[in-house]
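Trainee: Could you talk me through this one while we look at it together?

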Amino acid sequence: FVSPARIRRAEKKANAEYVRVLGGMLEETLEYGGRRMRPGLTIPDIVWLIEAVGVGTNLRERSHPELVRRADSEGRQIADLALVGIVMAMTEPVPGRRAPRRQRA
């Protein structure tokens, strides 16, 4: 087997790039939505939590797809609701900024 230290070294560059790319997209999205990270939390914190939900959902999908594909009465899947919850819990509105109005479909 490969040692955990060797795996960590191999993943270091890929992890940094992952945080840079996804983190950049999240920063732009938060800016657009008039939100910012709550004090004490960072973009990498939210990136890794989002990744954890994605990985967990993918693993559960393999054994129990009916659990992962559940949705609310409006058709929003539970993983999507979890991700929105993460963003709302880890961020806060920027004082004095209004979020853009939602376009109705």
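Mentor: Let us start with a crossing: helices α2 and α4 cross in a right-handed way, meaning that the near helix is turned clockwise from the far one by less than a right angle. This is a predicted model, in which local features need pLDDT of at least 70 and side-chain atom pairs count only at pLDDT 80 or more, while totals for chains, interfaces and linings use all residues. Residues are numbered from 1 along each chain as its sequence is written, and side-chain values use heavy atoms, with hydrogens and water left out.

Trainee: Which residues of α2 and α4 make the contact?

Mentor: From α2 they are D45, I46, L49, I50, V53 and T57, and from α4 they are A79, A82, L83, I86, V87 and M90, where contact means heavy atoms within 4.5 Å. By class, the contact has ten nonpolar residues, one polar and one charged.

Trainee: And at what angle do the axes of α2 and α4 cross?

Mentor: At roughly 165°, with the axes of α2 (residues 43-63) and α4 (residues 78-90) coming within 11 Å, so the two helices are roughly antiparallel to each other, a label for angles over 145 degrees.

Trainee: Switching topic, how many aromatic pairs are there?

Mentor: The structure holds one aromatic pair, a term for rings whose centres lie within 6.5 Å. Y18 and W48 form the pair, at 5.4 Å centre to centre and with 35° between the planes, which is tilted, that is, neither under 30 degrees (stacked) nor over 60 (edge-to-face).

Trainee: Where in the chain do Y18 and W48 sit?

Mentor: Y18 is in helix α1 (residues 4-32) and W48 is in helix α2, 30 residues apart, so the pair links distant parts of the chain.

How values were computed:
Axes fitted to C-alpha atoms, helices over the stretch in contact; angles between N-to-C directions. Helix = DSSP H or I, 4+ residues; strand = E, 2+ residues; numbered from the N terminus. Parallel < 35°, antiparallel > 145°, perpendicular 65-115°, else oblique. Nonpolar A, V, L, I, M, F, W, Y, C, P; charged D, E, K, R; others polar. Phe/Tyr/Trp six-rings, centres within 6.5 Å; stacked < 30°, edge-to-face > 60°.
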